[in-house]
Amino acid sequence: VKGKAKKAGKLAQKIDTAAVLGAGIMGGGIAYQSASKGTPIVMKDIAQPALELGLGEASKLLATQIKRGRSTPEKMAKVLNNITATLDYAPVKDVDVVVEAVVEHPKVKSMVLAEVEQHVSDDAILTSNTSTISINLLAKSLKKPERFCGMHFFNPVHKMPLVEVIRGEHSSEETVASVVAYASKMGKTPIVVNDCPGFFVNRVLFPYFAGFSGLLADGADFVAIDKVMEKQFGWPMGPAYLLDVVGIDTGHHAQAVMAEGFPDRMGKNGKDAIDIMFEADRFGQKNSKGFYAYS
Ligand code: NAD
């Protein structure tokens with residue numbers, strides 16, 4: 001493994017500057033993480049209020065760090081100075097890597113990737129933070145698919161250590177190695193996975209959620225299940241609470257992708273707990289009602 005890591009390190013091109021497209025929950029988190037670990041980042045969105053929200057999130061995280069004695073106002077200013085918020089592509093032209101983090105729609109993502117490819121240098125690497133869309137499909141919109149791969153962060157970005165680096169059929173070894181190196185520079189733990197429905201994490205997570213839904217269908221109580229998983233089994237949260245944190249709408253969409261990708265293993269007969277919650281508009285913490293109620 002050491003030898004492999006050394007070889008990957010040699011292949012990696014230097015990432016000194018980055019850009020993130022989309023200043024939402026993920027884009028804002030990615031900008032904060034990159035900037036605070038010393039890689040200046042351009043954060044581009046199509047709406048000024050979205051940019052302000054992204055910057056506001058970064059400021060909030062920094063203020064918490066100061067409160068906890070882990071940072072100073074000087075460091076905070078330096079990190080914020082590392083984030084350039086923009087509505088146009090001009091500041092993106094010299095960056096080494098781009099992380100696309102716009103809405104989860106194949107057409108929008110394909111359009112944005114094709115658009116940004118026209119504005120960056122020939123050496124720039126493009127990545128997508130998609131949770132469920134095939135990297136091979138998105139690569140079709142690009143002139144240089146070898147310089148593209150997935151870079152899948154988890155929410156909240158500043159807390160979650162894992163980053164899935166998704167290798168598409170055309171992604172070059174240099175591209176993958178460079179993105180692995182950038183994720184490490186951001187203080188994250190990258191793993192390289194091949195392109196497939198659910199990548200790695202969702203292939204583990206969704207069979208677990210299916211088991212949870214099956215228990216509910218058999219009459220089990222979700223609070224009791226969470227309690228056992230948290231208190232007795234020792235996981236940080238049980239499945240009901242985890243779904244509330246992830247967002248049940250997001251879970252519902254990902255579950256459909258898994259069912260389509262693995263019909264034998266992940267196909268369903270009828271509605272399960274995730275469908276029922278979704279249809280009842282109970283999306284979890286994001287709209288204050290999921291398995292649990294939030295005020
Ligand atoms: P979000 O809705 O919070 O933010 C999306 C942002 O993209 C918005 O600010 C919107 O204005 C912007 N946008 C839309 N079109 C754009 C364009 N053409 N150019 C630039 N910006 C544009 O979404 P999010 O939750 O941050 O998710 C973003 C991506 O990250 C999605 O692909 C999602 O699947 C993925 N993801 C989300 C999570 C999560 O838990 N939220 C976790 C991992 C990955």
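## Contacts and overall form

In this predicted model, 65% of the contacts with a separation of 6 or more join residues 24 or more positions apart. Buried residues make up 39% of the 295 residues in the protein.

The secondary structure consists of 13 helices and eight strands. The radius of gyration is 20 Å, close to the 19 Å that the globule rule gives for 295 residues, so the protein is as compact as a globular protein of that length. Along the principal axes, the C-alpha atoms fill a box of roughly 55 × 45 × 40 Å.

## Domains

The domain assignment divides the protein into domain 1, residues 2-194, and domain 2, residues 202-287. Their C-alpha centres lie 28 Å apart.

## Annotated spans

For residues 198-294 the model has 63% helix and 0% strand, with the end C-alpha atoms 29 Å apart.

## Helix α3

Helix α3 runs over residues 48-67 and has 20 residues. From its first C-alpha to its last it reaches 28 Å, close to the 28 Å expected at 1.5 Å a residue. After α3 comes G69, which has a positive phi, near 75°.

The buried residues in α3 are L51, G54, E57, A58, L61 and L62. They cover an arc of only 125° around the axis, which puts them on the same side of α3. An α-helix has 3.6 residues a turn, so residues three or four places apart point the same way. Exposed residues lie on the other side of α3: Q48, P49, G56, K60, T64 and K67.

## Cover over the buried side of α3

Both helices and strands take part in covering the buried residues of α3. Among the covering elements are the helices α2 (25-36) and α4 (73-81), together with the strands β2 (41-44) and β3 (83-86).

Key. Residues are numbered from 1 along each chain as its sequence is written. This is a predicted model: local features need pLDDT of at least 70, side-chain atom pairs count only at pLDDT 80 or more; totals for chains, interfaces and linings use all residues. Helices (H or I, at least four residues) and strands (E, at least two) are DSSP runs, numbered from the N terminus. The radius of gyration is taken over C-alpha atoms; the globule rule is 2.2 Å times the number of residues to the power 0.38. A residue is buried if 20 or more other C-beta atoms lie within 10 Å of its own, exposed if 12 or fewer, and partly exposed in between; C-beta atoms are placed from the backbone. Two residues are in contact if their C-beta atoms, placed from the backbone, lie within 7 Å. The expected span of a helix is 1.5 Å times one less than its number of residues. The arc is that of the directions from the helix axis to the C-beta atoms. Domain bounds come from an automatic or database domain assignment.
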